[in-house]
Amino acid sequence: MIWDESSRDAHYRNRPEGKPFFAVFNLLTSHESSIHPSEEGGMAPGEGYVLRHDPARVELPPYHPDVPAIRHDWALYYDKVEDMDAQVGNLLRELEEEGLAENTIVFYYSDHGGVLARSKRFLHETGTRVPFLVRIPESFKDLYPAAAPGDRVGRLISFVDLAPTLLSLAGEEIPVWMQGDAFLGVRTATAPTYVHLTRGRMDERIDMSRGVTDGRFRYIRNYMPYRISLPHLAYLFKAPSAQAWEDHFRAGLCDDLQSAPFLPKPVEELYDTRADPWEIHNLAGDPAHRDILDRMRAENRRWMAEVRDVGLIPETDYRYFSGDSAMYDYMRSRPVPWMFWWRQRRWPRFPMGIPRPV
């Protein structure tokens with residue numbers, strides 16, 4: 001059994017008195033469905049809802065066309081994030097009332113970037129860089145990763161680091177097979193140079209892109225450049241903003257930047273997120289950034305080989321390769337798949353027939 005309790009009624013108050021706890025609260029207030037038109041069982045506000053954020057004052061990213069539906073959904077999303085922050089405030093207040101605040105470490109983060117189109121499901125900063133806050137009470141100040149509370153920590157972290165970090169905080173051994181590195185606690189590891197990113201199945205659609213960032217430069221390799229970045233996903237396009245964007249494109253009203261998600265992708269993308277936070281200037285073809293491109297490309301290949309990434313094998317062929325076992329287990333069951341990757345690096349073409357970059 002993984003959890004002592006796992007339901008809407010689960011709560012740390014239900015534990016035996018004095019027993020340490022690990023509790024997870026999944027707040028859905030700012031979920032993607034929060035910007036969908038109100039429907040039975042949905043989360044979006046019903047008719048008569050008055051936006052607190054003024055759509056006219058929203059600063060739109062340059063890739064979004066300036067249309068009312070997009071401005072509305074941005075404003076609504078800001079409302080919902082504000083509501084969620086208030087919920088977190090209530091949970092923190094509850095800890096104080098229970099007398100647990102000074103003995104509890106709190107993590108507050110999202111599972112992806114924003115929810116408007118070109119954030120969630122995309123490998124850009126807007127889709128993969130998440131807000132991540134850790135509250136460490138003064139009683140555990142020896143665990144502070146910075147000089148003082150409120151300081152920003154520049155270390156790169158990834159979700160695979162969470163499990164090792166929790167074990168480290170508990171003083172437990174971290175299994176050698178566990179991916180990720182602890183970023184807090186007695187077993188804190190050296191800060192990584194890179195964080196890796198993946199895009200694959202998105203509901204009823206598939207794509208394959210891999211990415212890597214060093215905190216400033218972001219490299220994206222699109223293994224299916226013939227697939228558009230913003231395919232029509234039934235769930236995503238419940239948002240009026242997504243449909244309005246597509247309608248604007250089909251009417252020929254989008255500029256080149258706003259049209260890009262509806263057109264085939266480049267094979268490689270490289271962005272300087274410090275100088276170009278919206279990631280709209282692809283530097284992959286810039287000779288001045290060739291060394292950076294080569295470095296990031298090599299790191300992406302190295303990581304894919306290390307984790308034995310099965311993304312290059314079509315889902316329809318999984319059973320052909322692995323039989324009744326999971327692809328994860330198959331790729332670790334014999335040396336043949338590993339050799340596939342080294343041959344892959346020397347072949348002039350990938351199995352999908354996509355030309356290798358030069």
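**Salt bridges at a glance**

Arg13 is partly exposed, with a relative accessible area of 44%. Its side chain meets that of Glu94 in a salt bridge. This is a predicted model. A search of the whole structure finds 27 salt bridges. Side chains of opposite charge can pair when their charged atoms come close.

- In the pair Arg13 and Glu94, the N to O distance is 3.2 Å.
- This pair joins distant parts of the chain, 81 residues apart: Arg13 sits in the segment before α1 (68–97), and Glu94 sits in helix α1.
- Glu94 is buried, because its relative accessible area of 15% falls under the 20% cut-off.
- Arg52 forms a salt bridge with Glu82, and their closest N and O atoms are 2.8 Å apart.
- This pair also links distant parts of the chain, with Arg52 in the segment before α1 and Glu82 in helix α1, 30 residues apart.
- Arg52 is partly exposed, at a relative accessible area of 44%.
- Glu82 is partly exposed too, at 40% relative accessible area.

**A buried pair**

- Lys265 and Asp207 form a salt bridge through their side chains, at 3.1 Å from N to O.
- Lys265 and Asp207 are both buried.

**A network**

- Salt bridges also link Glu32, Lys120, Arg121 and Asp203 in a network.

Terms used
Residues numbered from 1 in each chain as written. Predicted model: local features only at pLDDT ≥ 70, side-chain atom pairs only at ≥ 80, totals over all residues. Heavy atoms only, no water. Salt bridge = Lys/Arg side-chain N within 4 Å of Asp/Glu carboxyl O. Helix = DSSP H or I, 4+ residues; strand = E, 2+ residues; numbered from the N terminus. Buried < 20%, exposed > 50% of the residue type's maximum accessible area, 1.4 Å probe, protein only.
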